[in-house]
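Let's take a walk through this one together, from the overall outline down to one pair of helices. Have the viewer open and follow along.

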Amino acid sequence: MHNVVIVGGGPAGLSAALTAAVAGAPVLLLDSNPRLGGQYWRTPADNFGDQNENHFDLATGLKLINSVKAQSNIQVLSGAQIWSASHKDGVSTLRVIYQGSEKIINTGNLILATGAYDRSLPFPGWDIPGVMTPGGVQSLIKGHGVVAGKRVVVAGSGPFLLPVAAGLVKSGADVVELLEANKSWRWASSILVLLENLSKIKEGFYYIEAISKGKVRARFGQAVVGAYAGENGELESVDIAKIDRNFKIKKVRNIKCDVAAIGWGFTADTSLAGALGCKQVVAKDESVVVLIDSKQQTSITGVFAAGEITGIGGSELSMIEGEIAGKSAAKFVGCAVDISRSDLIIRAKKQRFAAALIKAYPIKSGWRSWLDEQTVLCRCEEVDLADLKDSIVELGATDSRTAKLLTRCGMGLCQGRICGRFVVDLVADQLNISPTDIDRIAAVSRPIITPIPLGVLAAGE
Ligand SMILES: Cc1cc2nc3c(=O)[nH]c(=O)nc-3n(C[C@H](O)[C@H](O)[C@H](O)COP(=O)(O)OP(=O)(O)OC[C@H]3O[C@@H](n4cnc5c(N)ncnc54)[C@H](O)[C@@H]3O)c2cc1C
């Protein structure tokens, strides 16, 4: 019997596991990755040698990972993917694929720390091989020592573009363009928040120094708005546009590259929380996040959430949320531990930084004008913009759910993880309405969290 079950071995899950275990609660920590660390502290197999060069402050991550491994009352199951879950009468049931077969874990005390994934926006040619997410490009470097291309354009919006460009430069790639869609002055109104989060300034300078060694110049107010394949079907060039403050195109130039890493921040991965029935809400940046109280408890008693599943805010916010969730969960099973005043102060400081991020990197609606009728929206089911419009104009869909049912947009292998969020906006545009919170939450809700082979399902517990 494990008193506290934690899903996610990133900064939030690791911090939660260590805190709960130190407080006296036995912990079971599950993560789908083969190694602990989550997205931020992703590392390759041990035989790749010292990885400090590929990370800012890997030492903090390794210390936490080693402390978790050394704690005798924490059991770690790496490579354990929760594919489905439900909650009834105070018991959460997790259906886990582990070592090729299905296991069922029941628990009355669960911490969800499932993190986030890259947010993509469609544009003509975004489905050409070579157009990738920055997270994908970085995962190849950090997790496998593989550099995705030789001439790379890094573009989109958000501070994550910096570590990706820095990682590429350090790995020997030529970063031919680094494009931030927003203007740098957007941070001006958050100077005080930056000053109280000096570690973030230090981290920023670390990346800028690495990037400048590659002679890369960052350009602001520019974005990739089109991509073209060469004769081999792979990416050959991209259109780069100067854009106005609403992201509408002003002037376009074309540049040769073999990889374009394009991302627009992150989307919280609330699939597991949604399957359990935890209440989700729409945050200020219009993303869907899990609702928590001051103790990190979700709307379900005994189910806690920490890290980017509750909103995008970086690894430091994830860690302090994890510590608070670990204490709350340990207390829930009877351990004598309390959330301290300093925990709350640190979390509030990091939350202010998260709010400043949203202010500095807004995603403006003008991106929708980059699309043409043939732009693919759902890559799994090959649905383009014209199909989506037909479902509204010809077939009478009046909401994104009906448009989805009529086109199969978001019903493929990824279950709308990539297109779900932007299809809601595109449907609302066509109908000349604003999306409701119900539309946005429905777009990220999926009963099956990850595909499962039928054989594994049939042979399962
Ligand atoms: C691709 C990517 C790269 C990033 N790189 C950086 C970076 O270089 N610098 C930076 O400051 N920030 C980076 N971030 C942001 C970063 O994710 C956060 O700051 C921090 O890692 C969030 O911590 P977390 O614990 O909330 O989630 P994560 O670190 O995302 O950890 C969540 C863990 O949960 C596991 N998980 C999710 N669902 C399931 C499931 N159903 N079953 C089993 N396990 C599951 C995942 O495998 C993952 O290991 C990155 C984000 C992404 C998406």
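What follows goes from the whole chain to the domains, then to the ligand, and ends with a helix pair.

Keep in mind that this is a predicted model. Start with the big picture: the protein has 14 helices and 22 strands. Its C-alpha trace spans about 60 × 55 × 45 Å along the principal axes.

The domain assignment gives domain 1 (4-117 + 267-339), domain 2 (120-264) and domain 3 (371-444). Notice that domain 1 is written as two stretches, 4-117 and 267-339. Between domain 1 and domain 3, the centres lie 31 Å apart, taken over C-alpha atoms. The two do touch: eight residues of domain 1 are in contact with six residues of domain 3. On the domain 1 side of that contact you'll find three nonpolar, four polar and one charged residues.

Next, head for the ligand. Which domains line it? The shell takes at least three residues from each of domain 1 and domain 2. In total, 36 residues surround the ligand, and the closest are G10, G38, G115, G135 and G307. As for secondary structure, at least two shell residues come from each of α1 (11-22), β2 (27-31), β4 (80-88), β8 (116-118), α3 (134-144) and α8 (315-332). By class, the shell splits into 18 polar, 14 nonpolar and four charged residues.

Last stop: a helix pair. Two packed helices are described by the angle between their axes and the distance between the axes. Here, α12 (residues 420-431) and α13 (residues 437-444) pack at about 145°, with axes 8 Å apart. Their crossing is right-handed. On the α12 side, the contact is made by G420, R421, V423 and V424, while α13 brings D439, R440, A443 and V444. Sorted by class, this contact has four nonpolar, three charged and one polar residues.

Terms used:
Residues are numbered from 1 along each chain as its sequence is written. This is a predicted model: local features need pLDDT of at least 70, side-chain atom pairs count only at pLDDT 80 or more; totals for chains, interfaces and linings use all residues. A residue is near a molecule or strand if its C-beta atom, placed from the backbone, lies within 6 Å of it. Helices (H or I, at least four residues) and strands (E, at least two) are DSSP runs, numbered from the N terminus. Ala, Val, Leu, Ile, Met, Phe, Trp, Tyr, Cys and Pro count as nonpolar, Asp, Glu, Lys and Arg as charged, and the others, Gly among them, as polar. Domain bounds come from an automatic or database domain assignment. Axes are lines fitted to C-alpha atoms, for helices over the stretch in contact, and angles run from 0 to 180 degrees between N-to-C directions. A crossing is left-handed if the near helix is turned anticlockwise from the far one by less than a right angle, and right-handed if clockwise. Two residues are in contact if their C-beta atoms, placed from the backbone, lie within 7 Å.
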